[in-house]
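Reader: Could you take me through this structure one piece at a time? I would like to begin with the overall fold and then go into the details.

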Amino acid sequence: MINKISLIAVVMLAGCSSQASRMAECQAQGVSRDACYIAEKNRQSTMAASAEKQALENAAHAVR
């Protein structure tokens with residue numbers, strides 16, 4: 001259940017831009033492809049961690 005909630009939250013937090021468009025925008029600013037890739041992976045990891053944290057908090061409140 002928590003994984004499903006996390007996935008939904010990540011999709012909702014992803015916004016309107018795609019990974020490809022964010023990568024293209026990053027590279028258009030003169031940043032290397034490798035640096036843009038690392039930044040994108042960090043962004044995804046941060047969003048997933050935030051969604052998981054929120055899901056766990058929601059689950060804890062639901063149990064009380």
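Author: The secondary structure of the chain amounts to three helices and zero strands, where helices (H or I, at least four residues) and strands (E, at least two) are DSSP runs numbered from the N terminus. This is a predicted model, in which local features need pLDDT of at least 70, side-chain atom pairs count only at pLDDT 80 or more, and totals for chains, interfaces and linings use all residues. Residues are numbered from 1 along each chain as its sequence is written, and side-chain values use heavy atoms, with hydrogens and water left out.

Reader: What share of the 64 residues counts as buried?

Author: Of the 64 residues, 14% count as buried, a term that means under 20% relative accessible area, with exposed being over 50% and partly exposed in between (1.4 Å probe, protein chains only). The accessible surface of the chain comes to about 4,900 Å², and 61% of that belongs to carbon and sulfur atoms; the areas come from the Shrake-Rupley method with a 1.4 Å probe, and for residues only the protein chains shown count as cover.

Reader: Changing topic, which residues does the disulfide join?

Author: The disulfide joins C26 to C36, with an S to S distance of 2.0 Å, and the criterion for a disulfide is a pair of cysteine sulfur atoms within 2.5 Å. This pair links distant parts of the chain, since C26 lies in helix α2 and C36 in helix α3, ten residues apart. Both C26 and C36 are buried.

Reader: And why is it called left-handed?

Author: The torsion about the S-S bond of C26 and C36 is about -90°, so the disulfide is left-handed.

Reader: How do α2 and α3 pack, then?

Author: Helices α2 and α3 pack at an angle of about 135°, with their axes 9 Å apart; axes are lines fitted to C-alpha atoms, for helices over the stretch in contact, and angles run from 0 to 180 degrees between N-to-C directions. That makes α2 oblique to α3, because angles under 35 degrees count as roughly parallel, over 145 as roughly antiparallel, 65 to 115 as roughly perpendicular and the rest as oblique.

Reader: Which residues of α2 meet α3?

Author: On the α2 side they are Q19, R22, M23, C26 and Q27, and they meet residues of α3 including R33, Y37 and E40.

Reader: Is E40 buried or exposed?

Author: E40 is buried, with a relative accessible area of 4%, and its place is in helix α3, residues 33-63. Not counting residues up to four places away in sequence, E40 touches Q19, R22 and M23, contact meaning heavy atoms within 4.5 Å.

Reader: What about Q27, and what does it contact?

Author: Q27 sits in helix α2, residues 19-28, and is partly exposed, with a relative accessible area of 30%. Leaving aside neighbours within four places in sequence, Q27 is in contact with R33 and C36.
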